[in-house]
Amino acid sequence: MNLKNIEDGIVELIRKAETELPDDVVKSLEHAYEIEDGVAKTQIDAILKNIDLAKKSGRPMCQDTGIQTFFIEVGIDFSFINRLKDLMNNAVKKATLEVPLRPNTVDPFTGENHKDNTGDHLPYITWDFVDGNDVHITALPKGGGSENMSKLGMLKPGVGIEGVKDFVVEEMIKSAGNPCPPTVVGVGIGGGADLSLKLGKRALLRPVDDRHKDKNIAAVEEELIKRINASGIGPMGLGGKTTVLDVHVEKAHRHPASLPVGIAVQCWADRRAKMVIHSDGSWEVK
Amino acid sequence: MEYHINIPADKDEIKKLEVGDILYVTGKMFTARDEAHHMMLEKEEIPFDPSEMALYHCGPLMKEENGKWQVVSAGPTTSSRMEIFEDKFLEKFSTNIIIGKGGMGGRTKKALQKYICVYTSYTGGAGALAADKVEKVEGVYWLDKLGMPEAVWVFKVKEFGPLVVAMDSHGKSIYEHLKKG
């Protein structure tokens, strides 16, 4: 099997994520354009023009090409499990030069930029193991401006789901224009502190307009969308009807004494791309 | 109102701008994020003249080809990080147009009035569109020390916009009446 071929495939995955938005996001932004007017409309107009230009010219839509973040489902019968981590690292380095990506990995102690988007614990990869011999990779390049608006609330269980909803709405209103609205918000409820944030981030993998299959959770998502959009923060915080494109909620069981709520925020550039690698080394980027 | 102005803009041009106006600018701008603000405030001498340029809160994605720098993507970064520097920065460097995203706070608002400047918002994330308006990369400063995103880049731009006047020189801010929820 040609490992270099797989590496090139991963570079294509990153290129696709950085230069083309998924259809569900574009559709949602087009809807926002229809319902907005005034300054808000000018912002969505610029966003749509930018998406179009990035796609046509093959350049990253945003200069913040993010922290390279991947969710990987590895089929346990995939032939080259032991090479996957190296392939990911090498592909990120290669993509940095070829796409190109902005060098975004800085040592917190020395301030030194690693210059190739790798570094301690980065790229950030979440591994899952599944049956079969294919590998499924989702790329979610994560920008800093929206990541800075992440929140963790360790609420008192007594406040219940009403308290959770209030917390999310209040925090998103406080974030105002900073995370480049209209955003997509992922909310993880339950687990421990780290798990709630992880669930929040994982929720961002869901397409825009995808409602949770649990009707009660879907109703919470719908309420959160309505309440956050009623704030009037609007595109880029300049006022308008569209502050979020979507809110996705995921839950885990919790400790009796804890009610953790993790909020992950994704800017309008809700960049996601997927690929599958087969055991014979062939691949497709979707 | 929609305005098309050349940088550097004179005081009268800045004064007529009001919150909600749309602006397109032509001329020179320099990028500066946290590190560059910090460094420029500490330095006695700066190798370019900020008063002739707009200040752009931006950490661009650049590409070097045959020894020449090109802009790949260059949208704005979150301006609120620069709030702790901006009033001193405007006092020292007399630049009168700031371009960023997300808005700034009370200290900057006062400084905008005092030194007659405007804070304008460019669509966050619209990096490809912004790069398209850059005609030339005129220079880069402190690249080795600060790295690509934090270095100061000087761009010559044409009809860069649409910029929304979000905080004007009369003490008004578009963000204030929006945060009530």
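How many residues does the contact take from chain A and from chain B? I opened the entry with this point, noting that the model is predicted. I found that 34 residues of chain A and 37 residues of chain B take part in the contact.

**Interface of chains A and B**

I then looked up the area buried between chain A and chain B, which is about 2,800 Å², with carbon and sulfur atoms giving 62% of it. On the chain A side, Gln63(A), Arg102(A) and Leu238(A) supply 22% of the area that this chain buries against chain B, more than any other three residues. I searched for salt bridges across this interface and the rule finds zero. Polar contacts do cross between the chains: I recorded 16 residue pairs, both members at pLDDT 80 or more. Helix 3 of chain A (residues 38-57) gives the largest share of the side that touches chain B, with nine residues. Sorted by class, that side of chain A has 17 nonpolar, 14 polar and three charged residues.

**Asn104(A)**

I located Asn104(A) in the loop between helix 4 (84-98) and strand 2 (124-130) of chain A.

**Helix 4 of chain A**

I checked the span of helix 4 of chain A: its 15 residues reach 20 Å from first C-alpha to last, close to the 21 Å expected. Its buried residues, among them Leu84(A), Met88(A) and Lys94(A), pack against helix 1 (3-19), strand 1 (69-75), strand 2 and strand 3 (135-139) of chain A.

**Salt bridges**

I counted 32 salt bridges over all chains. In one of them the side chains of Arg272(A) and Asp24(A) meet at 2.6 Å, N to O. This pair links distant parts of the chain, 248 residues apart: Arg272(A) is in the loop between strand 7 (259-266) and strand 8 (273-277), and Asp24(A) is in helix 2 (residues 23-35). I noted Arg272(A) as buried, at 12% relative accessible area.

I next looked up Asp45(A) and Lys49(A), whose side chains form a salt bridge of 3.0 Å. Both lie in helix 3 of chain A, four residues apart, about one turn of the helix. Asp45(A) is partly exposed at 25% relative accessibility, and Lys49(A) is partly exposed at 46%.

Terms used. Residues are numbered from 1 along each chain as its sequence is written. Chains are lettered from A and ligands numbered from 1 in the order in which they are written. This is a predicted model: local features need pLDDT of at least 70, side-chain atom pairs count only at pLDDT 80 or more; totals for chains, interfaces and linings use all residues. Side-chain values use heavy atoms; hydrogens and water are left out. Contact means heavy atoms within 4.5 Å. Buried area is the accessible area (1.4 Å probe) that two parts lose on being put together, summed over both. A salt bridge is a side-chain nitrogen of Lys or Arg within 4 Å of a carboxyl oxygen of Asp or Glu. A polar contact is a pair of N or O atoms within 3.5 Å; within protein, one must be able to donate a hydrogen and the other to accept it, and residues adjacent in sequence count only if both atoms are side-chain atoms. Helices (H or I, at least four residues) and strands (E, at least two) are DSSP runs, numbered from the N terminus. Ala, Val, Leu, Ile, Met, Phe, Trp, Tyr, Cys and Pro count as nonpolar, Asp, Glu, Lys and Arg as charged, and the others, Gly among them, as polar. The expected span of a helix is 1.5 Å times one less than its number of residues. Buried means under 20% relative accessible area, exposed over 50%, partly exposed in between (1.4 Å probe, protein chains only).
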